[in-house]
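Here is a short briefing on a predicted model. Keep the structure in view while reading.

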Amino acid sequence: MPDFGFIRVASAVPALNVADVDFNLSQIKQMTEEAANAGAQIVVFPELAVTGYTCADLFGNELLLSKAENALSEICDFATAQDIMVIVGAPLRVQGMLLNCAVAANRGLMWAVPKTYIPNYKEFYEKRWFTSGKTASNITEVCIGGRSVPLGTNLIINAGKAKIAVDICEDLWVPIPPSSIAAINGANVIVNLSASNELAGKHNCLVDLIKHQSRHCISAYIYASAGYGESTTDLVFSGNAIIAENGTILREGKRFLAKPQMVVADIDIEALDNERRTNSVFADSLGRHARPYRIFDTELRPLDFSKTSLERTIRKLPFVPSDSKHLSNRCEEIIYIQTEGLMRRLEHTHCKSLVIGVSGGLDSTLALMIAIRAFDKLGLDRKGIYGITMPGFGTTGRTHSNAIALMETLGVTVKEISIAPAVIQHFADIDHDIQNHDVTYENSQARERTQILMDYANKVGGMVLGTGDLSELALGWATYNGDHMSMYNVNGSIPKTLARQLIMWFASIDDKSNPQGTRIHETLLDVLHTPISPELTPADESGNIKQKTEDIIGPYELHDFFLYNMLRHGYSPEKIFFLAKHAFGSDFEPETIKKWLTVFCRRFFSQQFKRSCLPDGPKVGSISLSPRGDWRMPSDASAAMWLKMCDDIII
């Protein structure tokens with residue numbers, strides 16, 4: 001089984017005794033073995049983990065330094081036996097200087113990177129013992145246990161997909177960390193060996209720095225800092241094990257543990273590399289910050305997903321924040337973006353009238369709520385919003401009553417225009433049998449509704465507000481020049497799974513202390529629980545919705561997952577299938593995921609012509625299909641390779 005572009009890394013905080021190299025070595029070996037057994041290909045230990053960070057003037061002692069160098073040789077041999085790369089902190093003597101180094105060992109080879117920025121302020125006084133690696137920049141090798149080991153701040157270890165560079169503690173806190181330059185020059189995995197002491201409020205700053213650095217470098221960032229066992233004469237070290245990727249914390253250990261800890265995560269190198277390729281300014285930075293890095297090649301043992309599960313959280317709903325507070329803030333922010341976009345368009349066109357087709361479904365409800373906010377902020381009369389419900393052959397009492405209830409309670413102008421007579425006449429004109437419920441039967445209704453909206457907008461001197469969402473655009477689930485068209489669309493970059501949350505947000509803020517607020521709240525909740533349907537074919541015998549969109553084209557939670565991972569990261573169908581199995585678990589059988597993934601790929605390619613002529617509308621998130629913005633694709637691009645890969649997926 002392929003590794004799908006992942007590498008597995010571990011951040012380890014071992015037990016430690018200050019200046020007890022033998023004890024520390026035994027703990028490093030033990031945790032190295034644990035990391036290897038967990039399938040990790042790289043394990044990172046804290047700054048000066050071999051000796052302890054708080055040795056102070058003992059760093060001038062011959063015995064301590066000799067034992068530390070001997071320990072590094074043992075660690076190298078042990079790492080080779082375990083077939084794992086170990087990166088550990090130790091003091092190294094180099095031509096009359098003492099360097100605070102990160103030493104990497106893999107398959108019998110070692111590399112040493114000295115700390116660049118040596119703090120000497122407040123509680124830090126490292127310059128008493130250590131010299132900056134920049135001072136030793138003319139020295140390119142150091143002898144460790146009889147081995148000649150490359151040394152320098154300009155090292156990148158090329159381990160296949162992973163290009164590894166090093167920060168050491170303070171290096172992260174300076175205005176331009178060494179890892180920033182290393183990342184521009186190709187490093188995509190940054191490790192930080194740290195011994196940062198704990199202070200009230202410092203941890204939040206640290207986490208923000210790690211997230212910030214991984215995002216700005218478009219890299220992974222593996223952070224391991226000293227913990228329990230360091231001297232508490234003046235300071236306390238809480239032990240931080242953190243793994244981040246491109247601005248997101250993948251794994252974070254607990255602080256203040258009186259025992260060793262380790263966190264393990266799978267880093268998506270493919271996603272990082274894709275992000276760098278598509279971010280043109282990242283490549284531009286190389287022209288200004290190119291440096292003569294020394295590249296050293298090695299190999300990591302393969303990551304075999306046939307023998308291990310993915311060590312990474314894959315969210316089923318990638319467009320929807322999992323944390324409730326974050327979700328609420330995100331919804332509010334998106335609604336502001338939609339509202340401001342519509343406000344500016346209304347002002348620019350001098351429109352004081354807006355026409356919306358209100359079906360009682362999810363998307364038109366969201367568009368109506370945005371229109372209300374825009375009119376209120378502009379000081380316009382809500383009666384200038386013309387909500388038109390247009391019942392047809394498939395309209396049910398549930399959606400019709402919800403549409404009327406929303407418009408009445410929100411105080412907009414309510415219009416009801418049945419499309420049935422016009423469509424029946426149209427069927428007669430084109431000689432179509434009304435009993436034949438084919439695509440002509442359905443699309444004729446959608447186009448008649450759009451004609452009514454457009455013509456009514458002309459009548460009142462307004463514009464038509466579109467309601468179609470991002471998920472429908474991705475699948476082409478819209479009638480060309482029917483609901484596909486409008487004069488401005490506030491929902492064009494809102495996926496269906498997010499639209500649900502936005503409606504829920506509106507429901508949560510309604511004032512339920514009065515009858516009007518209660519009615520709006522209850523109506524919004526019922527809209528959320530109504531099956532998604534275009535209602536273009538007749539209802540069942542009981543008058544309930546018979547034509548359910550997700551029965552026809554598949555669950556929107558799957559399609560939104562496919563859409564996000566294909567467009568945001570450029571993943572292949574094979575990788576998307578692998579991730580979907582992990583994310584959805586028992587929610588969907590693998591056969592079901594494969595079926596709808598194939599449908600997604602086929603429809604995504606075949607329906608591009610509809611996306612090539614979309615109305616204007618605001619981008620609200622990282623994914624948009626606007627032909628003027630994020631997505632430019634020929635309408636006749638072949639889907640053959642994607643469909644072939646879907647077909648070849650082994651369940």
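**Helices, sheet and cysteines**

Helix α1 (residues 21-37) lies across β1, β2 (42-44), β3 (85-94) and β14. The helix runs at about 40° to β14. This is a predicted model.

- Helix α2 spans residues 62-82.
- Helix α2 lies across β3, β4 (97-106) and β5.
- Its angle to β3 is about 150°.

**The sheet**
- The sheet is open and has 6 strands.
- The strand order is β5-β4-β3-β2-β1-β14, and the pairing is mixed.
- β5 (109-114) and β14 (261-268) are the edge strands, and each pairs on one side only.
- On average, neighbouring strands of this sheet are turned by 30° against each other, direction ignored.

**The β1-β14 pair**
- Strands of a sheet pair through backbone hydrogen bonds, either parallel or antiparallel.
- Strand β1 (residues 6-13) pairs with β14 in the antiparallel sense.
- The pairing of β1 and β14 covers 8 bridges.
- Phenylalanine 6 has aspartate 268 in β14 as its bridge partner.

**Cysteines**
- How many disulfides does a search of the whole structure find? The search finds 0.
- A disulfide needs two cysteine sulfur atoms within 2.5 Å.
- The sulfur of cysteine 55 is 15 Å from the closest cysteine sulfur, that of cysteine 101, so the pair is too far apart for a bond.
- Cysteine 76 is in no disulfide either, and the nearest cysteine sulfur, in cysteine 143, is 13 Å away.
- Cysteine 55 counts as buried because its relative accessibility is 4%.
- Cysteine 76 also counts as buried, at 0% relative accessibility.

Notes:
Residues numbered from 1 in each chain as written. Predicted model: local features only at pLDDT ≥ 70, side-chain atom pairs only at ≥ 80, totals over all residues. Heavy atoms only, no water. Pairing = 2+ DSSP bridges. Helix = DSSP H or I, 4+ residues; strand = E, 2+ residues; numbered from the N terminus. Axes fitted to C-alpha atoms, helices over the stretch in contact; angles between N-to-C directions. Contact = heavy atoms within 4.5 Å. Buried < 20%, exposed > 50% of the residue type's maximum accessible area, 1.4 Å probe, protein only.
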